[in-house]
Amino acid sequence: MQEIKKPKEPLLSVKNDFVFKLIFGDARNKDILRSFLNAVTKIPLEDLHDLEIIDSELRREYLTDKKGILDIRVKLRDGQQCDIEIQVVPLEVMPERSMFYVSKMLTGQIEKGMHYTDLKKCIAVNIVDFPCIDLKQIHTVFHYREDQHPEYLLSEMCEIHFLQLPYLEDEQCVKETDDAIVKWLMFVNNQSPEVLEALKEEGEEMAKAVELLEIISQSEQNRRIYEARQKELMDEAQRQYDSRIKGIEEGMQEGIKKGIKEGRKEGLKEGRKEGKLEGKLEGKLEVAASLLDILSDEVIAEKTGLPLEKIKELRQ
């Protein structure tokens, strides 16, 4: 009897941070990570040869840790540190967040008896599935520079990279970006078997990464963890959306209440003004009526400031 082959499962998305870390954060696949970091940071491959992946094991508690973010922390042989993270849920404070974590990486090196000169460079690589920099570029790099003389670098200790996946759809952005970076981001951004098959021709490390993704995607355990993480990411995106909508609605309601309050205030003010005018007119009419028997219409109009026609109406 002919054996029935089980159909292959669809490929998992590398944008899921669990899958991303399985591929790039596994100590057995340092060649893949080296190739990616070389493309993005331009650190020479020989300097990446002895890199150490810190906390390369996927923590068991991850399955129940809904807030966990699976970044990849790397230490180079000269002591430099690099943190790679992929973020798919839009985060408005992503730049500030990245600055905070780079600063923590830097200050985390300080131990008793050390000097500032002992500090080693810290690099953050952020792959984001949303525009978070006000520059229409796939790859942006930030350092501490002097405002009027940007060629002057205050210090090389901190370096932050942003890789914005949405701009892969823009042909001009692709043309302006290093080809090696574009290919690695296409791998991260794509689930198309055709595109991934073509990427296998782009070098040994890329071919290995695609084949590893194919293997990972067929594991039932990996798929369960993947689905749990996808659900959490979707829930987080929904929470952010609901919070944003609630904020808009509350803002509208507050605006309406303020508008009504201001309207009432303005109406009261206008009413008082009109009341004063009305009262003043009635007072003039009362004075004019009391003078009808002793003064002429012309004199009464002059003394009260009322139109002569009004005085004649009073006499009738």
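**Close-up views of a predicted model**

View 1. Helices are DSSP runs of H or I with at least four residues, and strands are runs of E with at least two, numbered from the N terminus. At the start of α5, a side-chain oxygen of Asp178 comes to within 2.9 Å of the backbone nitrogen of Ala180. This is a predicted model, in which local features need pLDDT of at least 70 and side-chain atom pairs count only at pLDDT 80 or more, while totals for chains, interfaces and linings use all residues. Residues are numbered from 1 along each chain as its sequence is written, and side-chain values use heavy atoms, with hydrogens and water left out.

View 2. Rings of Phe, Tyr and Trp (its six-membered ring) pair if their centres lie within 6.5 Å, and planes under 30 degrees apart count as stacked, over 60 as edge-to-face and the rest as tilted. By this rule there are eight aromatic pairs. The ring centres of Phe142 and Phe162 are 6.1 Å apart and their planes stand at 75°, so this pair is edge-to-face. Because Phe142 belongs to strand β5 (residues 139-145) and Phe162 to strand β6 (residues 153-164), the pair ties together parts that are 20 residues apart in sequence. Phe142 is partly exposed, at 34% relative accessible area, whereas Phe162, at 2%, is buried.

**View 3. A cluster of rings.** Ring pairs join Phe20, Phe24, Phe36, Trp184 and Phe187 into a cluster.

Methods. A polar contact is a pair of N or O atoms within 3.5 Å; within protein, one must be able to donate a hydrogen and the other to accept it, and residues adjacent in sequence count only if both atoms are side-chain atoms. Buried means under 20% relative accessible area, exposed over 50%, partly exposed in between (1.4 Å probe, protein chains only).
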